[in-house]
Amino acid sequence: MSLVELRSVAATYRRAGRDFVALREVELAIEAGEKVGVVGGSGSGKTTLARLMLGLLKPSAGDVRFQGRSIIGLPERRRGWLRASASMVFQDPNSSLNPRLRLRHIIAEPLLSPAVRNRSDVPEPGQSVLAAAMAGVGLDVDLLDRFPHQLSGGQRQRAAIARSLINDPALLVADEPVSALDVSVRAQVLNLLSDEVSQRGLALVLVSHDLAVVGRLCDRVIVIEHGLIVEQGPVGQVLTNPTHPYTEALVEATLSL
Amino acid sequence: MNILEVTDLTVRFGRNRPAVDSISFTLGAHDRLGIIGQSGSGKSVTSLAIMGLLPEHAQVSGSIRFDGRELVGLPEREYRKLRGDAVSMVFQEPMTALDPTMRVGRQLGEVVALHHGERRGSIRDGVLDWLGRVGITEPARIADSYPHELSGGQRQRALVAMALANEPALVLCDEPTTALDVLVQRQILRLLDVQLRDRATVFVSHDLAVVREVCPRVAVMLEGRIVEQGDIEQIIAEPRHPYTAGLIASARIDRVPRDQPLPSVADFYTPAEEA
Amino acid sequence: MKRGTLNLGLTLIGIVVVLAAVGLVWTPFDPTKITGSPLQPPGWPHVLGTDGLGADVLSRLMSGAKICLLVGIVSVAGAAVVGVPIGIFSGMTRGWISDLPARLSDILYGFPALLLAILLAAAVGGSTWTAMIAISVATIPAFVRLARAATYQVMSHGYIEAARVSGIPKVAIAVRHVLPNIAPVLGVQASVSFGIAILAEAGLSYLGLGSGPEAPTWGRMLREAQDYLFNAPILALWPGLAIAVATMGFNLLGDGLRDLFDPRLREMS
């Protein structure tokens, strides 16, 4: 049984009165502990794919399964097993952290969900748990009482990562986790993600248009163009010997120093 | 002859450490200077100071001479004339820089009209001409669209057209590709490279690899100061300041083996007050 | 720096609050009794003079301040308590069930608050309570619309998606994430609505649809003063001034708060 399975998934959305196809006929399986990069330009459907896995969007056709059970057509209160074991890190920590909450309340949020509280192995959101979560992402414990705007961009994204790991998930979906960050702090956040994912044996789905980032963190890469998977394979092979012209264009457009 | 001479420019907000601290650089009429630095380094404040777009309570000292004319202390009315004519700016986020309630063609038309004021009938032609020049394939359809109906790349192209339509002598680009994916970024950088020929350009970015595509010269800003400036290839090959060295090392994600941690700027340079 | 509007608003409101607070425990004379000869000009002991029947104007003004604030507080709080949850719910859900309250409020919003209040007060008869209920009902749509629009904006933020991914129930998301982030705009609206409520209450009692004769409201004072407009025009000045000060105070406070909360202005400082 795969951790995540997408079976003939299609997704459309309406904008300005017109229907757009975001994904068509996507077949995908992600195993426990696997690190998969989802690569494509903006509008390719890669972000839609990530949101479908977490039930944040509904597919227009097909089935999405998490740990063998379909997440489609269930009311939110019956998706507890998904909520307790899947997390997400967003692109922009300015937007993904509630500006009116202190860090301690932001980071502890996943522990407040009814789904997680039903799991016996999850600790109470006490000081020691929060301190450990902060230490785990390299943040000073004193920052727990700060508000997001009192932190730097890199610290905010570390806090977002701390939140995503506090319920000890099996799947971490990261949507462009470093592209809103300065080049100067990108490396540290990438090191952090890489360490945490490896140590915890998490499955990682990394959505990015930055091939260098995907090459750094992932084992397998999926290239998506206009809602279709056009190429996939081991990361070294796809990034060094791309076979599809779209992948070639992506590789060619990637700037390096 | 230099078109832009910035001398000992200092910008302060209140009693804090200056956001820009006594920086100097010059720009010839066809030169391009990249300014790189992280957020809070003062790079964006510098470009806003040149554009005269700083908030009222900013205290500016030093000199910004554009085409022989002193811009520090220039009245807002004069500045507005200058911005419509000789100096323009390409912003980072095209969605906020464009008016969402106005068709793209009309917004661009306002700029075109400023320049071709005398021949009113040709404004539409001017708009379509400019949209074509920035590589928009269906200029007529795009001109009649609202910003939200365009893709990110099309919006940024439209923004470039708006910045260039008044044929400015100096263009400031503030992270013009940061919100774009690599494919569109490549296209926009190529477009800028062509369209900025025969103009002076200041290109602000946090990404050295992006700046390198457009600018032969770069200034590295840190905590409000320029810590080094010069030929970009030379600086990449032999950075003199440890911060620059850290910036370059941490950007080379693809050169570090997977089992080794990426070097970060902090491994090379620690800010004085935090040490 | 830019707090001038806010401070002026707070000062004007302060004057009304002090008048009302003192009036709660002490007035120079009984505001509902005849305590002097009619139409005395300002002087001593009747500082602001007496009205057409001989009641003390200052005492009536203080008593009116009390009613004015009471009506404002009750009607705005009532409107917010009903309107904000509806607006948040509507902003958090999609589809017809989300649009329904919004469309209804749009229709109600088309009526001026005062007109709606007149209709309601006329239907049930005038008293302080009907005035409050009428004004409250008329104010609900403003809160529904604003809360819905503000919620819509908040819903586009990543922290809402993060909360959904964490399995936080909808009601908890509304309380934890939506409400605190829309509170500033609601505060601005409350202040502006307060000004409108005071004006509406004055209008209703001017028309005789507000509080009964036992309660000297500013609107009623204004109407009574109308009979003596030629002999004692100053009688109309006092309640008119009081209404203006209170309404302006809350409007300025609203503007001041808006400036204070405007992120574009805040970022600059």
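The second largest pocket of this predicted model has a volume of about 660 Å³. Its lining comprises 39 residues. Chain A and chain B bury about 2,800 Å² between them, and the structure holds 37 salt bridges over all chains.

**The second largest pocket**

- Of the 39 lining residues, those nearest the centre of the pocket are Arg186(A), Asp210(A), Ala212(A), Thr254(A) and Leu255(A).
- Helices of both chains take part in the lining: helix H8 (183-200) and helix H9 (211-217) of chain A, and helix H8 (182-195), helix H9 (208-214) and helix H11 (242-251) of chain B, each supply at least two residues.
- The most is given by H9(A), which contributes 5 residues to this lining.
- By residue class, the lining of the second largest pocket consists of 18 nonpolar, 12 polar and 9 charged residues.

- The size of an interface is often expressed as the accessible area that is lost when the parts come together.
- For chain A and chain B, carbon and sulfur atoms give 58% of the buried area of about 2,800 Å².
- Within the area that chain A buries against chain B, 32% is supplied by Arg216(A), Leu255(A) and Leu257(A), more than by any other three residues.

**Polar links and composition of the contact**

- Between chain A and chain B there are 3 salt bridges.
- A salt bridge joins the side chains of Arg190(B) and Glu252(A), with an N to O distance of 3.9 Å.
- Polar contacts between chain A and chain B amount to 16 residue pairs, with both residues at pLDDT 80 or more.

**A salt bridge within chain A**

- The side chains of Asp175(A) and Arg51(A) meet in a salt bridge at 3.1 Å, N to O.
- This pair links distant parts of the chain, 124 residues apart: Asp175(A) belongs to strand S7 (residues 171-175) of chain A, whereas Arg51(A) belongs to helix H1 (residues 46-53) of chain A.

Methods:
Residues numbered from 1 in each chain as written. Chains lettered and ligands numbered in written order. Predicted model: local features only at pLDDT ≥ 70, side-chain atom pairs only at ≥ 80, totals over all residues. Heavy atoms only, no water. 1 Å grid on protein atoms, 1.4 Å probe; cavity = no way out; pocket = protein on both sides within 12 Å on 5 of 7 lines; lining within 4 Å. Points joined across faces, edges and corners; volume = space filled by probe spheres on them. Helix = DSSP H or I, 4+ residues; strand = E, 2+ residues; numbered from the N terminus. Nonpolar A, V, L, I, M, F, W, Y, C, P; charged D, E, K, R; others polar. Buried area = accessible area lost by both parts, 1.4 Å probe. Salt bridge = Lys/Arg side-chain N within 4 Å of Asp/Glu carboxyl O. Polar contact = N/O pair within 3.5 Å; in protein donor to acceptor, adjacent residues only side chain to side chain.
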